Amino acid sequence: ESHSVSVLLALLHPSFFLPTDVAKQVHVHCDHGSDESGDGSSMLPWRTLMHARDELRRMPRRFRVQVLVQGTCYPRDRDGRVDLSLPLLELEDLDSGSQGREVEYSSLHQHQPALLSSGLTIPASAWQRLVGSIFTANLSALGVSRGSLGSFLKPTTTGGDGLGSCSWNMTELFFGGIPMTLARYPNLNKDGTFGWMQIDKVVDDQSQFSIASLRAKRWRKEEDIWIHGYWGFDWADSHLPVKSLRFTKNETFVVVDAPVLYGFKPRAKFYAVNLKSELDSPGEYFIDRDEMLIYFWPPGDLDTRQCVLSMGNDGILVGANQEQLDICRSSNLPVKQGKRSGGIDAFSEYMEKNEKEKKALTTCLGDTNKITSYISFKNLKVSYQRRVAIQTLRASHIRFINISISNIGRIGMDIDG
């Protein structure tokens with residue numbers, strides 16, 4: 001889904017808002033700047049936010065600093081090559097400002113906000129008509145590797161970890177700034193609402209059910225089928241990988257390969273997704289990971305609207321860097337399996353699990369005295385991240401003013417401090 005929000009948020013302290021004059025301004029022009037020959041002036045701006053951060057680390061912190069940004073900013077490696085797997089900006093305790101001497105990252109032009117993007121644009125020239133209204137583009141020719149495309153995320157427990165928080169880390173396609181639909185059955189309805197199938201009989205509430213339909217015979221050659229549904233309650237959903245399909249005269253038996261949130265129940269609603277054979281409607285797409293091709297039925301003119309793939313995981317990280325977070329996320333001890341009863345205890349159980357995970361992450365990151373503080377973000381756009389646009393950990397006195405967040409896979413802002 002597409003989520004667009006404007007944020008005025010502060011981890012507040014009254015003294016944070018004392019008026020001060022700007023003693024230092026540095027410039028980043030993501031389209032025309034240079035990290036090698038630039039000096040951060042308006043005439044010779046730097047190219048990346050990370051280079052500006054590194055240069056600020058070398059400056060004495062005796063004054064307030066503004067980092068003035070313009071253009072479309074992409075994450076780049078140390079050699080200046082675009083690397084969408086990297087975050088756009090990582091700030092830690094040594095990047096902090098101080099009371100009355102904060103560091104501000106803001107757009108140079110208030111009415112032309114800089115875009116911090118983790119998206120890959122597919123040029124119109126890359127698309128070739130395949131058949132009828134369906135076009136295809138070669139992802140390998142665009143520099144995309146199979147491992148960079150992300151994936152669905154399997155549920156890890158049978159209960160207590162899902163209140164509409166259906167996790168995935170998939171590359172998505174956006175057309176004219178609008179998210180397109182991964183090929184599915186049933187299709188979206190004409191008004192944009194979801195179409196659903198229903199479970200007929202439950203064979204095993206954690207592994208198998210049947211439906212009174214043989215539509216799934218079309219999917220027998222599909223290699224990575226997933227289903228998305230509200231299995232036990234209409235507020236708790238998850239994606240599940242399909243392990244096998246079996247057919248009788250009038251029924252299809254579906255076997256899954258992951259824990260089922262609160263267990264299957266008769267009449268539970270779901271749809272099947274990631275199906276090349278079901279690409280049959282404008283706005284649908286499918287990514288063939290074996291052939292490294294994307295198939296797309298555009299709902300408009302490819303020459304006049306931009307196609308973008310979300311390729312990066314993280315946008316702005318405050319209080320930790322991506323390497324630390326990835327290590328801690330992967331090493332986190334699994335939380336005790338939740339209850340499968342749902343009902344009135346489900347929300348408290350869910351919140352308790354989240355609190356345990358946050359404490360485990362904070363402990364893993366180490367020294368809790370390393371606080372990142374007195375940093376502002378103003379008049380910026382953050383888009384096309386698969387995991388989180390903005391995340392703060394171990395932070396204080398951080399402000400987000402007029403920040404537009406859109407086309408994010410999972411979390412717009414994750415604020416902890």
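Predicted model: local features only at pLDDT ≥ 70, side-chain atom pairs only at ≥ 80, totals over all residues.
## Ground rules

Local features need pLDDT of at least 70 and side-chain atom pairs count only at pLDDT 80 or more, while totals for chains, interfaces and linings use all residues. Residues are numbered from 1 along each chain as its sequence is written, and side-chain values use heavy atoms, with hydrogens and water left out.

## A four-stranded sheet

Let's start with the open sheet, ordered β8-β26-β13-β14 with antiparallel pairing. The edges belong to β8 (119-122) and β14 (178-179); each has a single partner strand, so one side of each lacks a neighbour in the sheet. Strands here are DSSP runs of E, at least two residues, numbered from the N terminus, and two of them pair if DSSP finds at least two bridges between them.

Four bridges tie β8 to the antiparallel β26 (residues 307-310). Across that pairing, leucine 120 sits opposite leucine 309 of β26.

Most residues other than glycine have a negative phi, and most peptide bonds are trans. Tyrosine 384, in the loop between β28 (372-383) and β29 (385-392), has a positive phi near 70°. Arginine 394 lies in the loop between β29 and β30 (395-406), with a positive phi of about 50°.

Tyrosine 384 is buried at 10% relative accessible area, and arginine 394 is buried at 11% (buried means under 20%, exposed over 50%, partly exposed in between; 1.4 Å probe, protein chains only).

The peptide bond from tyrosine 185 to proline 186 is cis, with omega near -5°.

## An exposed loop residue

Glutamate 291 belongs to the loop between β24 (284-288) and β25 (293-296). Its relative accessible area is 53%, so glutamate 291 counts as exposed.
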